[in-house]
Amino acid sequence: MAKRIREKAAKRIENKDNRPYATARYVRMGAPKAKRCLDLIKDKSYLEAVAILETTPSTASVAVLKVLNSAAANAENNKGLNKDDLIVAEGYANQGPTLKRGIWRGRGGHDIILKRTCHITVVLDTVKK
């Protein structure tokens, strides 16, 4: 029933991605809006990505900046990496659950308002020298 449990666990640990990352879940915005900000900072250095997000006039840039700073703090504290050597390897925003709300309309009608959420993830990596 449970064959080679230790071998499978060791193989899973060996193949695990050890890059620093951070995730913000249930962020109250649509995933495409967050994806636009994540596409701006992909493959940029950490300091350059922070500068881009601080000057971007999008509401999503605030949430993405928080996740980026959290990922950099994870890299510094948990992995012992320097912030100056980090680059944004991946960034993606997946759709979260949708909150369904209603509003009354004329003649006894009812419309549904969809309040979207997303999960934002930023993965950092070190500069290959």
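In the predicted model, helix α3 (residues 46–55) packs against helix α4 (residues 60–78) at an angle of about 160°. The two axes lie 9 Å apart. Angles over 145 degrees count as roughly antiparallel, and α3 and α4 are therefore roughly antiparallel to each other. Their crossing is left-handed. On the α3 side, the contact is formed by Tyr46, Ala49, Val50, Leu53 and Glu54. These residues meet Ser61, Val64, Leu65, Leu68, Asn69 and Ala72 of α4. By class, the residues of this contact comprise 8 nonpolar, 2 polar and 1 charged.

Aspartate 43 is located in the loop between α2 (31–41) and α3. Its phi is positive, near 65°, and the residue is not a glycine. The relative accessibility of aspartate 43 is 60%. The cut-off for exposed is over 50%, so aspartate 43 counts as exposed.

A positive phi is also found at tyrosine 26, again a residue other than glycine. Here the value is about 60°. Tyrosine 26 belongs to strand β1 (residues 21–27). Its relative accessible area is 48%.

Threonine 121 lies in strand β5 (residues 118–126). The relative accessible area of this residue is 8%. Buried means under 20%, so threonine 121 is classed as buried. Its side chain makes a polar contact with the side chain of threonine 23, at 3.4 Å. Neighbours within four places in sequence aside, threonine 121 is in contact with Ala22, Thr23, Glu90, Gly91 and Tyr92.

Arginine 107 occupies the loop between β3 (99–104) and β4 (110–115). With a relative accessibility of 91%, arginine 107 counts as exposed, whereas threonine 121 is buried. Separation in sequence and in space was also computed for arginine 107 and isoleucine 87. The two residues are 20 residues apart in sequence. In space, their C-alpha atoms are 56 Å apart.

Notes:
Residues are numbered from 1 along each chain as its sequence is written. This is a predicted model: local features need pLDDT of at least 70, side-chain atom pairs count only at pLDDT 80 or more; totals for chains, interfaces and linings use all residues. Side-chain values use heavy atoms; hydrogens and water are left out. Axes are lines fitted to C-alpha atoms, for helices over the stretch in contact, and angles run from 0 to 180 degrees between N-to-C directions. Helices (H or I, at least four residues) and strands (E, at least two) are DSSP runs, numbered from the N terminus. Angles under 35 degrees count as roughly parallel, over 145 as roughly antiparallel, 65 to 115 as roughly perpendicular and the rest as oblique. A crossing is left-handed if the near helix is turned anticlockwise from the far one by less than a right angle, and right-handed if clockwise. Contact means heavy atoms within 4.5 Å. Ala, Val, Leu, Ile, Met, Phe, Trp, Tyr, Cys and Pro count as nonpolar, Asp, Glu, Lys and Arg as charged, and the others, Gly among them, as polar. Buried means under 20% relative accessible area, exposed over 50%, partly exposed in between (1.4 Å probe, protein chains only). A polar contact is a pair of N or O atoms within 3.5 Å; within protein, one must be able to donate a hydrogen and the other to accept it, and residues adjacent in sequence count only if both atoms are side-chain atoms.
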